[in-house]
Amino acid sequence: MKNLINKIKFFVKLCLSKKRKFNIGPGGINKNSWIPNNLAPIVLFVYKRPEHTRRTLESLMKNELSGKSQLFIFADGAKASSSAPDVQKINETRKILRKKQWCGEVIIHESDMNKGLACSVIEGVTEIVNKFGKVIVLEDDLITATGFLKYMNDALSKYENEERVMQIS
C-alpha cells in the first residue's frame, strides 16, 4: 500500500510539474450547470481506440440516467513518436466523441500532446472531484449495463458520509 501511495504522489508531482495545456470543448467546466440534479459527473478517458470508444459511449447512452448526467471526456493527444495510422486513430476517436449527444451535457477536453494514462487520469479526476465532490470514472473499453449510473449514484449517495468506504466499484 505504501508503494502505491508513493507512486501516486510521484505521478501527481510529474503531472503538475509539466503543466500541459489542453483545450476545453464547448461549454467548459461549469459547476452550476444546467443539469439540476445531484448526480455524480461521469469522466471518460480515451486515446486511440475508436471502436472501443463508440461501444462505451453507446452503452453509456442507454443508461436510464444518461440524459440527466454530465459527461466529461478527456482525449489524450498523440505522442511525438506516433505513426500516421496512430494519429488517424486518435482523430477517428475524437470524431466519435462529437457524433452524438451521448449524455445530457458533454464536455470534451482534447490534449494537444500525449500526457499518458496516469497523468490524464490524475489530472481529470482531480479537477472534476475538486469541482463536484464526486465522480464516476470510465475508460474507453468498458461497457455499462443500463442500470449502471443509477447503481453508482445510489451507492455514492448511500455511502457519502461513511468514512470506511473510499470507492464504489
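Modeller: R49, D140 and D141 are linked in a network of salt bridges. Keep in mind that this is a predicted model.

Colleague: How many salt bridges does the structure hold?

Modeller: Ten. One of them joins the side chains of K48 and D86, at 3.2 Å from N to O. That pair links distant parts of the chain. K48 sits in the loop between β2 and α2, D86 in helix α3 (residues 84–97), and they are 38 residues apart.

Colleague: Is K48 buried, exposed or partly exposed?

Modeller: Partly exposed, with a relative accessible area of 26%.

Colleague: And K115, buried or exposed?

Modeller: K115 is buried, at 11% relative accessible area, so it falls under the 20% cut-off. Its side chain meets that of E123 in a salt bridge, 2.8 Å from N to O.

Colleague: What about R164, which residue does its side chain meet?

Modeller: E162, in a salt bridge of 2.9 Å, N to O. R164 is exposed, with a relative accessible area of 74%. E162 counts as partly exposed at 30%.

Colleague: Switching topic. How many residues of β2 are buried?

Modeller: Five of the five, so β2 is largely enclosed by the rest of the structure. I42, L44 and V46 point one way from the strand. V43 and F45 point the other way.

Colleague: Which strands is β2 joined to?

Modeller: β3 (residues 70–75), through five bridges, and β5, through four. β2 runs parallel to β3, and β2 also runs parallel to β5.

Colleague: Where does α2 come in?

Modeller: β2, α2 and β3 make a β-α-β unit, and that unit is right-handed.

Colleague: Now α5. Which of its residues are buried?

Modeller: In α5 (residues 148–158), they are F148, L149, M152, N153, A155 and L156. They cover an arc of only 165 degrees around the axis, so they lie on the same side of α5.

Colleague: What covers those buried residues?

Modeller: The cover includes β2 (42–46), α2 (50–61) and β5 (136–139).

Notes. Residues numbered from 1 in each chain as written. Predicted model: local features only at pLDDT ≥ 70, side-chain atom pairs only at ≥ 80, totals over all residues. Heavy atoms only, no water. Buried < 20%, exposed > 50% of the residue type's maximum accessible area, 1.4 Å probe, protein only. Helix = DSSP H or I, 4+ residues; strand = E, 2+ residues; numbered from the N terminus. Arc of directions from axis to C-beta. Contact = heavy atoms within 4.5 Å. Pairing = 2+ DSSP bridges. Right-handed = clockwise from strand over helix to strand, strands pointing away. Salt bridge = Lys/Arg side-chain N within 4 Å of Asp/Glu carboxyl O.
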